[in-house]
Amino acid sequence: MNDETRPGEQASVDLDKDDLERRLAKTWGTPSGLWGALSTVDHKIIGRRYITTAFFFLVLGGLLALAMRLQLAQPEARFIGPDRYNQIFTMHGSTMMFLFAVPVMEAMGVYLVPLMVGTRNIAFPRLNAFSYWIYVAGGLLLWIAFALDAGPDVGWFAYVPLSGPEYGAGKRADIWAQMITFTELSALAVAVEIVVTVFKQRAPGMSLDRIPVFVWAMLVTSFMIIMAMPAIMLASSSLILDRLVGTHFFNPAEGGDALLWQHLFWFFGHPEVYIIFLPAVGMVSAIVSTFARRPVFGYHLVVMALIATGVLAFGLWVHHMFVVGLPQVGESFFTASSMAIAVPAGVQIFCWLATLWDGRPQFTTPLLFVVGFIITFVIGGLTGVMVASVPLDTQVHDTYFVVAHFHYVLIGGAVFPLLGAIYYWFPKMTGRLMSETLGRLAFGLIFAGFHMTFFPMHILGLEGMPRRIYTYQPEMPWAGMNLFVSASVLILALGFFVFFIDVFRSARSGRPSGANPWQASTLEWATSSPPPAFNFARIPVVNDREPLWSDPDELTVSTGLDAARRELIVSSLVEAQAEVREASPRNSIWPFYSAIATTVMLIWSIFSPWAVVWGSIPIGVALIAWFWPKHVPEDES
């Protein structure tokens, strides 16, 4: 990196450590008070907000699941009526998929990726702030509608014609479709930010074969989001046009096609499973490597398996449609691809097991959750191969067998690694350790409660119990198993209660962790815990895939960035050679105002198509103010 500075500037190389950190804290810091909270562009603050908000929606979705299990504990129960039950199972699925699973995985990337690649902020930090406010607005829209008894009641998949104008009276389906626009706009924004951060802001020397597996996982996930999300946005926009303007995209009587909805939705919906799963692969790799005390076995195999999963995920969507009457040749192709995607997942699992076998594993709470993940995900993968077979899928389609399968895949493949990752990176975010005792208790309750809750659902499905029913007759052979499942879910809920108690207790009074309590190897642990506003006083130079293990005493650093301006190093794509210094935008209130204007327009458009015309005016004003030249280098980047 060039150490020369422009006249009147002082490079960080000229300052001692304490003076440099004081100057950088003033340059990169967030003002206190409400104005600072609304205008911050610090990726760590926004990442923590994303994580906290996503877990809040997890709690809400979990409460809905408890309500459903209470209703199904006995035949002909009257706890919840059919209309409210339809809203509840729609809200549960929509909340878990669109407001928790995808956002929380991207949130971990927002917080960790800039630290792991050795830069001071995420790319497009104002867009990052905008994406969070849009996400919150979409969640509030959905849940306020539910509180007003106007929640969507067409399932989280909103199949037409049920969600179309012929059967979906009122605004319930419109609210669901517009919530999709909010959440997918947010997801696309974050995906673009992560791609640019990984490609152009890596620390000098961090070539592509030195990127941590978690960063690779977030990179592949981001590309999948960019490819998959437009399909669901197109589907939801077409649905709104059918309902509000009178088009006929999905109306066969007027030349439309109801199956077009399923193709568009599942072209997004099945890659979404891997959009949720791939970040978990990165989390598991980081945890396994750290607690086995050795690099991940088969690094290149794990990375290639990530990429292969990202590609193959776009060839599976029709296995959700085996019962709609497709040509047998098409069914055969999607059966084969559905089974083939198990291969890269198997490669990753064997690489982790080899890492543990060849290392000296320390079975702390994060690694326990990883072990629970491997057991649970293997079971979910086996049932996934089963439903990829057309004859079997035809029999168990829309039964509780499928409910059990996708909960094993999504909770086993995402939530178990996520909880392990929270225990692992909690010291980085807060500077405090979580309780090992409470962590082991939470793991035991969650692991036991999960399998006691969802494994019996396989049996219920094989006995013919349909999904999405709000009650059943006493003569059906399901009552005893349903009562057992409903009782077991209380154990699962107790486990999450212990987890949240541990989070709140540790955040306030947990044992101080120090900078690197796990003696981990990646760059996020090279700075203090929690990190300062500027992340790194001097940008590290990477000479190895495990920089903190190869050079444990002191990292080589790059100098030449101005301490009085928000500056980043922009590096080359492959070898990460430092190329130029780039200004990073300062805090701004305009992303918040832009999000408010966008929210008003999108909600207004549910009631009048003219909202798109008149609502674009305040959005344009906010964007002009956002990008208006202020003759400050950071604001003109």
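Predicted model: local features only at pLDDT ≥ 70, side-chain atom pairs only at ≥ 80, totals over all residues.
Visitor: Where does P230 sit, and what does P230 touch?

Guide: P230 is in helix α7. Set aside residues up to four places away in sequence, and P230 touches L188 and I225. Sequence separation and distance in space are read separately. P230 and L264 are 34 residues apart along the chain, with their C-alpha atoms 9.3 Å apart.

Visitor: Now a helix. How far apart are the end C-alpha atoms of α20, and what span should I expect?

Guide: Helix α20 has twelve residues, 616-627. At 1.5 Å a residue, α20 should span 16 Å. Its end C-alpha atoms are 16 Å apart, which agrees.

Visitor: Which residues of α20 are buried?

Guide: They are I619, A622, A625 and W626. Look down the axis next. The buried residues of α20 fall within an arc of 130°, so they line one face of the helix. On the other side, V621, I624 and F627 are exposed.

Visitor: What covers the buried residues of α20?

Guide: The cover includes α5 (125-147) and α18 (590-604). At 1% relative accessibility, S594 counts as buried. Beyond its sequence neighbours within four places, S594 contacts F130, A622, L623 and W626. A622 and W626 are among the buried residues of α20.

Visitor: How do I read a nonpolar core?

Guide: In soluble globular proteins, nonpolar side chains tend to be buried together. Here the largest nonpolar core has 195 residues. F55, F100, M108, W425 and F499 touch the most other members. Helix α4 (residues 82-117) gives the largest share of this core, 22 residues.

Visitor: What does F499 contact, leaving aside its neighbours within four places in sequence?

Guide: F499 is in contact with F55, L419, I422, Y423, M434 and A442. A second core of seven residues is separate; among them are L20, L24, W28 and A537.

Visitor: What lines the largest cavity?

Guide: Its lining has 19 residues. P212, V213, S289, T522 and E546 lie nearest the centre. Helices α7 (213-244) and α8 (258-292) each supply at least two residues. α8 gives the most, with five.

Visitor: What is the volume of the second largest pocket, and which residues are closest to its centre?

Guide: The second largest pocket has a volume of about 580 Å³. It is lined by 23 residues, with A526, T527, E554, L555 and V557 closest to the centre. α1 (17-28) and α17 (547-550) each give at least two residues to this lining.

Visitor: Now the backbone. Which peptide bonds are cis?

Guide: Check omega; the values here sit near 5° and near -5°. The bond from V160 to P161 is cis, with omega near 5°. P161 is in the loop between α5 and α6. The bond from S529 to P530 is also cis, with omega near -5°. P530 is in the loop between α16 (479-509) and β1 (539-540).

Visitor: What is phi of D149, and where is D149?

Guide: Phi of D149 is near 60°, a positive value in a residue other than glycine. D149 lies in the loop between α5 and α6 (172-200). Its relative accessible area is 42%, so D149 is partly exposed. Apart from sequence neighbours within four places, D149 contacts D83, R84, Q87 and R172. D149 and R84 are 65 residues apart along the chain, yet their C-alpha atoms are separated by 8.0 Å.

Visitor: What about phi of D398?

Guide: Phi of D398 is near 60°, again positive in a residue other than glycine. D398 lies in the loop between α13 (390-396) and α14 (400-430). At 28% relative accessibility, D398 counts as partly exposed.

Notes. Residues numbered from 1 in each chain as written. Heavy atoms only, no water. Helix = DSSP H or I, 4+ residues; strand = E, 2+ residues; numbered from the N terminus. Expected span 1.5 Å × (residues − 1). Buried < 20%, exposed > 50% of the residue type's maximum accessible area, 1.4 Å probe, protein only. Arc of directions from axis to C-beta. Contact = heavy atoms within 4.5 Å. Core = buried A, V, L, I, M, F, W, Y, C linked by side-chain atoms within 4.5 Å. 1 Å grid on protein atoms, 1.4 Å probe; cavity = no way out; pocket = protein on both sides within 12 Å on 5 of 7 lines; lining within 4 Å. Points joined across faces, edges and corners; volume = space filled by probe spheres on them.
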